[in-house]
Amino acid sequence: MRYNSHVKYLSEAQVKQGAAIVRGGGLVAFRTETVYGLGADATNEAAVAKIFEAKGRPSANPLIVHFASVGQLRKFFPDIDPVSLRVVRKIKRAITVVVERCPALALAVSAGHETVAVRVPACRFTRRFIRACGVPLAAPSANTSGRPSSTRAVDVAADLDGKIDAVFMGRDTKIGVESTVVQCEAGVVRVLRLGGGSTEELRRRLRCPVCVVGAGEGEAVVSPGRLFRHYMPVCPMYVALRNDDMVVRVNAFVADKKVAVICLSGNEKLYQGARVFALGGRAARVARGLFMTLREAEKVADVIVCEQFPDTPDFAAVNERIMRAADGKIL
Ligand code: TXA
Ligand code: MG
């Protein structure tokens, strides 16, 4: 399984082999539509503990549990509230819902909270693999804690080789940023983490109020992941704020340093003396390429500078990622 790099189709035998590892309490990394996940049997306390160990993940940061179908989810959560159920039924990709925890799932997935995050991935391969496992999979992003999430199988291997039992060496992920995490309360959908699922789509399809929980108002408690540093390259990284002087300031910063600049397509030629990585012009392209570009840029530079992306809703998730990855800003 490990050496079968970038195959488009993983055979039934490989899927069965991975499922046997999961059922035996092991860790298997697999592709989803968002980023690669590091999976373990969500009903097995010891297996879930191994995830935290392999990633070096703080034990206070809870995990998302992945189901093969809404039907499987309902077997574990027969009393799920109607709004949460509507979210998983209507929003087909890159969405995670936080619900009341269920005793059949390992305690460690909730990391001490009374809730658990659940998701039915859109990726057909992911669902096929979960079905083969016969149990839901607890799976955080398949990266060392604090590093950029893995959107390519090779990045999973680079981070976790020797610490996990197998990686399905599949295709790069389509969306490139993690799922949007929401919690439904009194008919309101609260977005705890921006991600690959758009808040606009939530509003349109659910026809109920949707609010994004802002940084500040004690939301570390509702969204524990926000307590920790994330997505960091091995070298320092700065975000260049998008204003009239952005290019001038970045070029002044670049002088006599070995810098990689990550920018929107069209701006490549503006940065002199730097290695430039253009991510495309549209938000979906930028999201797809962002994490792998951070991992490529750190290989060729001592410092990374990333342009802040436009201040529009479609870029909100990638802007949030780069702000969190950054050591500072270029004003
Ligand atoms: O797209 C994704 O969501 C990927 C793929 C593999 O499914 N998974 C992922 O997992 O990004 P992870 O562990 O890297 O991020 C999970 C996020 C964290 O911010 C965590 O704090 C939040 O979900 N979370 C998990 N359980 C929660 C809970 N009970 N209440 C609030 N937030 C929760
Ligand atoms: Mg993660």
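**View 1. The whole fold of a predicted model.** With 331 residues, a compact globule would have a radius of gyration near 20 Å, and the protein agrees because it has 20 Å (taken over C-alpha atoms; the globule rule is 2.2 Å times the number of residues to the power 0.38). The C-alpha trace spans about 60 × 45 × 30 Å along its principal axes. You will find 10 helices and 15 strands here (DSSP runs, H or I of at least four residues and E of at least two, numbered from the N terminus).

**View 2. The shell around ligand 1.** Among the 26 residues around the ligand, Thr34, Asn61, His66, Ser179 and Gly225 come nearest (a residue is near if one of its heavy atoms lies within 4 Å). At least two shell residues come from each of strand 3 (64–66), strand 5 (115–119) and strand 9 (188–193); strand 5 gives the most, with 4 residues.

**View 3. Polar contacts to ligand 1.** Each contact is a pair of N or O atoms within 3.5 Å. A polar side-chain atom of serine 179 lies 2.5 Å from a ligand oxygen atom. For arginine 119, the distance from a polar side-chain atom to an oxygen atom of ligand 1 is 2.9 Å, and for arginine 193 it is 2.9 Å. The protein covers 96% of the 670 Å² of accessible area that ligand 1 has on its own (Shrake-Rupley method, 1.4 Å probe).

**Notes.** Residues are numbered from 1 along each chain as its sequence is written, with chains lettered from A and ligands numbered from 1 in written order. In this predicted model local features need pLDDT of at least 70 and side-chain atom pairs pLDDT 80 or more, while totals for chains, interfaces and linings use all residues; side-chain values use heavy atoms, leaving out hydrogens and water.

How values were computed:
Polar contact = N/O pair within 3.5 Å; in protein donor to acceptor, adjacent residues only side chain to side chain. Nonpolar A, V, L, I, M, F, W, Y, C, P; charged D, E, K, R; others polar.
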